[in-house]
Amino acid sequence: MSLDQNSALRIAQVLNEALPYIQCFTGKTIVVKFGGNAMIDEQLQNSFARDIILMKLVGMNPVVVHGGGPQIGQLLEKLNIESRFVDGMRVTDSETMDVVEMVLGGTVNKQIVNLINKNGGRAVGVTGKDGLLIKARKLARKNENAGLHASEIIDIGQVGEVEKVNIDVIDMLIHSDFIPVIAPIGVDSNGVSYNINADLVAGKIAERLRAEKLMLLTNVAGLQDKEGKVLTGLSTSQVEGLIKDGTIYGGMLPKITCALDAVQASVISAHIIDGRVPHAILLEIFTNRGVGTLITNNEV
């Protein structure tokens, strides 16, 4: 069935608007953190996969990093293993770490790889342990004790932070025309595994790859001001100001800090985008308006 003229013109306009962005970002690396609603809604899953595949087909190098907190929680509950959190981080003993590796490195990672492959892409799943991709160290948490005028160290188990990223594995996959899908598990020099926040892993990988963009999918429309209005283009200095005046707080603070660190290091821009919107990635990359908050070093 042929298109009517108006429909054909709309398609042509969309492609015409996308062309300069395709030309600008061909050959560039874009790190995408996949999480939130986009991971559990079937329509959003497929739109995400097709976005990633299209990016690859037009010459970009997408790298996917994923989370899986809800899935970990569900399996722990089935196994009657208690979940405890400190400052939003899951306390991870050796038993919990076994479940984390099973869910992130096995179930969730392979589901995402299969999702991309069945939509026509070529994805390969790895964890940070493969090829020593992510060298980790234990994350130390301190609690200020006002009475003792000292800091108390809180042990949250095998929760880690990124010490070093070895990008040889990612480079090998990218240059072999595959899409890397990375589970945020690291390993230290003694072979001990660590559960690491996926936003943090995505940010550090983006820094090490000197990526064009770091894109963090969320369950909100973007960074909002105190009146609830989405802030679109922000400089790093403006973001620092929003942190100081309390506009950015709570659960959004670690995500914004991750984006800020990446841009202040070597990443050209970071994007906090609404993963509840179908094809959010394409809309953010290939259109003038986008669907979230853009952070760059440029003063706006």
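Trainee: Where is the place of Gln158?

Mentor: First, this is a predicted model: local features need pLDDT of at least 70, side-chain atom pairs count only at pLDDT 80 or more, and totals for chains, interfaces and linings use all residues. Residues are numbered from 1 along each chain as its sequence is written, and side-chain values use heavy atoms, leaving out hydrogens and water. Gln158 lies in the loop between β8 (150-154) and β9 (160-165); strands (E, at least two residues) and helices (H or I, at least four) are DSSP runs numbered from the N terminus.

Trainee: What does the side chain of Gln158 reach?

Mentor: The backbone oxygen of Ser193, at 2.8 Å. A polar contact is a pair of N or O atoms within 3.5 Å; within protein, one must be able to donate a hydrogen and the other to accept it, and residues adjacent in sequence count only if both atoms are side-chain atoms. Beyond its neighbours within four places in sequence, Gln158 is in contact (heavy atoms within 4.5 Å) with residues including Thr92, Asp93, Ser94 and Met97. Val192, Ser193, Tyr194 and Asn195 are among its contacts too.

Trainee: Why are α7 and α8 called roughly antiparallel?

Mentor: Axes are lines fitted to C-alpha atoms, for helices over the stretch in contact, and angles run from 0 to 180 degrees between N-to-C directions. For α7 (residues 236-244) and α8 (residues 252-265), the axes come within 11 Å and cross at roughly 150°. Angles under 35 degrees count as roughly parallel, over 145 as roughly antiparallel, 65 to 115 as roughly perpendicular and the rest as oblique. So α7 and α8 are roughly antiparallel.

Trainee: Which residues of α7 and α8 make the contact?

Mentor: Thr236, Val239, Glu240 and Ile243 of α7, with Leu253, Ile256, Leu260, Val263 and Gln264 of α8. They divide into 6 nonpolar (Ala, Val, Leu, Ile, Met, Phe, Trp, Tyr, Cys and Pro), 1 charged (Asp, Glu, Lys and Arg) and 2 polar (the others, Gly among them).

Trainee: What makes α6 and α8 roughly parallel?

Mentor: The axes of α6 (residues 198-209) and α8 come within 9 Å and cross at roughly 5°, so the pair is roughly parallel. Asp199, Leu200, Gly203 and Glu207 in α6 meet Lys255, Cys258, Asp261, Ala262 and Ala265 in α8. That contact holds 4 nonpolar, 1 polar and 4 charged residues.

Trainee: How do α2 (residues 42-57) and α4 (residues 94-118) cross?

Mentor: At roughly 65°, with axes coming within 9 Å, and therefore α2 is roughly perpendicular to α4. Gln45, Asn46, Ala49, Ile52 and Ile53 of α2 touch Leu115, Ile116 and Lys118 of α4, giving 5 nonpolar, 2 polar and 1 charged.

Trainee: How many helices and strands has the protein chain?

Mentor: 9 helices and 16 strands. The chain's C-alpha trace spans about 75 × 40 × 35 Å along its principal axes.
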